[in-house]
Amino acid sequence: MMGLPAGWVTDLPLTRTAQMRLLGNGVVPQQAVAAFCALHDSLRADMPPGQVS
């Protein structure tokens with residue numbers, strides 16, 4: 001559901017409460033990639049021409 005491989009947390013020997021706690025503050029990997037790419041593109045747009053990013 002969060003874009004993680006099947007069993008990423010559920011295959012661990014943890015109680016359901018512990019599993020939910022681990023996932024509770026997780027960032028969906030696809031959202032993290034999208035945010036990073038947007039930030040990177042924004043920073044690149046602000047660079048002077050010819051400067052390597």
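Me: Is Ala18 buried or exposed in this predicted model?
Reply: Ala18 has 18% relative accessibility. Buried means under 20% relative accessible area. Ala18, found in helix H1, therefore counts as buried.

Me: What separates the C-alpha atoms of Ala18 and Ala38?
Reply: Along the chain, Ala18 and Ala38 are 20 residues apart.

Me: Which residues is Gln19 in contact with, leaving aside its neighbours within four places in sequence?
Reply: Gln19 is placed in helix H1. Its relative accessibility is 11%, so Gln19 counts as buried. Beyond those sequence neighbours, the residues in contact with Gln19 are Val9, Thr10, Leu12 and Leu14.

Me: What accessible area does the nonpolar patch of Leu12, Leu14 and Leu22 have?
Reply: These three leucines form a nonpolar patch on the surface. Taken together, Leu12, Leu14 and Leu22 have an accessible area of about 250 Å².

Me: What radius of gyration does the protein have, against that of a compact globule of 53 residues?
Reply: The secondary structure consists of two helices and zero strands. Along the principal axes, the C-alpha atoms fill a box of roughly 55 × 15 × 15 Å. A compact globule of 53 residues would have a radius near 10 Å, whereas the protein has 18 Å.

Me: What share of the 53 residues is buried?
Reply: The protein has an accessible surface of about 4700 Å², with 64% belonging to carbon and sulfur atoms. Among the 53 residues, the buried share is 6%.

Note on methods
Residues are numbered from 1 along each chain as its sequence is written. This is a predicted model: local features need pLDDT of at least 70, side-chain atom pairs count only at pLDDT 80 or more; totals for chains, interfaces and linings use all residues. Side-chain values use heavy atoms; hydrogens and water are left out. Patches are made of residues with over 30% relative accessible area and no salt bridge: like charges are joined within 9 Å, nonpolar side chains (Val, Leu, Ile, Met, Phe, Trp, Tyr) within 5 Å. Accessible areas come from the Shrake-Rupley method with a 1.4 Å probe; for residues, only the protein chains shown count as cover. A salt bridge is a side-chain nitrogen of Lys or Arg within 4 Å of a carboxyl oxygen of Asp or Glu. Helices (H or I, at least four residues) and strands (E, at least two) are DSSP runs, numbered from the N terminus. Buried means under 20% relative accessible area, exposed over 50%, partly exposed in between (1.4 Å probe, protein chains only). Contact means heavy atoms within 4.5 Å. The radius of gyration is taken over C-alpha atoms; the globule rule is 2.2 Å times the number of residues to the power 0.38.
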